[in-house]
Amino acid sequence: MASLGHIARESSDIKRLAKFYIEVFGFEEIESPDFGDLKVIWLNLPGAFAMHIIQRNPSTNLPEGPYSATSAVRDPSHLPMGHHICFSVPNFDSFLHSLKEKRIETFQKSLPDGKVKQVFFFDPDGNGLEVASRS
């Protein structure tokens with residue numbers, strides 16, 4: 001059976017993006033290999049998975065995220081049916097409060113049966129995120 005090893009995110013500001021994931025989700029910075037000119041920050045979410053944040057190479061011509069696409073999507077209400085990563089947390093209301101304290105724009109909803117609460121938002125590079133309550 002497969003399991004998630006890591007998620008990679010490309011960014012033009014890897015320190016800013018790493019700080020976001022450390023402050024919002026509790027990732028910890030771990031030792032990263034020396035790739036020479038390629039700058040990376042490796043993070044780990046204990047008991048879950050790792051995230052590799054990679055310095056963006058502008059010569060690849062890939063969009064960095066929704067904010068750099070031709071038609072920027074900055075409204076988190078579009079995320080439930082779009083690309084996003086979902087985390088779950090044991091205390092949803094406390095987590096939601098921490099997002100509000102950080103002034104992060106969010107969109108909230110619940111699954112049709114009402115048992116799972118969801119909040120959608122963007123990281124600083126425009127990558128979609130969801131946090132769901134544990135049912």
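Residues are numbered from 1 along each chain as its sequence is written, and side-chain values use heavy atoms, with hydrogens and water left out. Because the model is predicted, local features need pLDDT of at least 70 and side-chain atom pairs count only at pLDDT 80 or more, while totals for chains, interfaces and linings use all residues.

Across the whole structure, a search finds 4 salt bridges (a side-chain nitrogen of Lys or Arg within 4 Å of a carboxyl oxygen of Asp or Glu).

Select R56 and E10, whose side chains form a salt bridge with an N to O distance of 3.3 Å. R56 sits in the loop between β4 (49–55) and β5 (85–89) and E10 in strand β1 (residues 6–11), so this pair ties together parts that are 46 residues apart in sequence; helices (H or I, at least four residues) and strands (E, at least two) are DSSP runs, numbered from the N terminus. R56 is buried at 17% relative accessible area, whereas E10 is partly exposed at 23% (buried means under 20% relative accessible area, exposed over 50%, partly exposed in between, with a 1.4 Å probe and protein chains only).

Next, select D125 and R16, which meet at 2.1 Å, N to O. D125 is buried at 6%, and R16 is partly exposed at 34%.

Finally, stay on helix α1 and select E23 and K19, 4 residues apart, about one turn of the helix. Their side chains meet in a salt bridge at 3.8 Å, N to O; E23 is partly exposed at 46%, and K19 is partly exposed at 48%.
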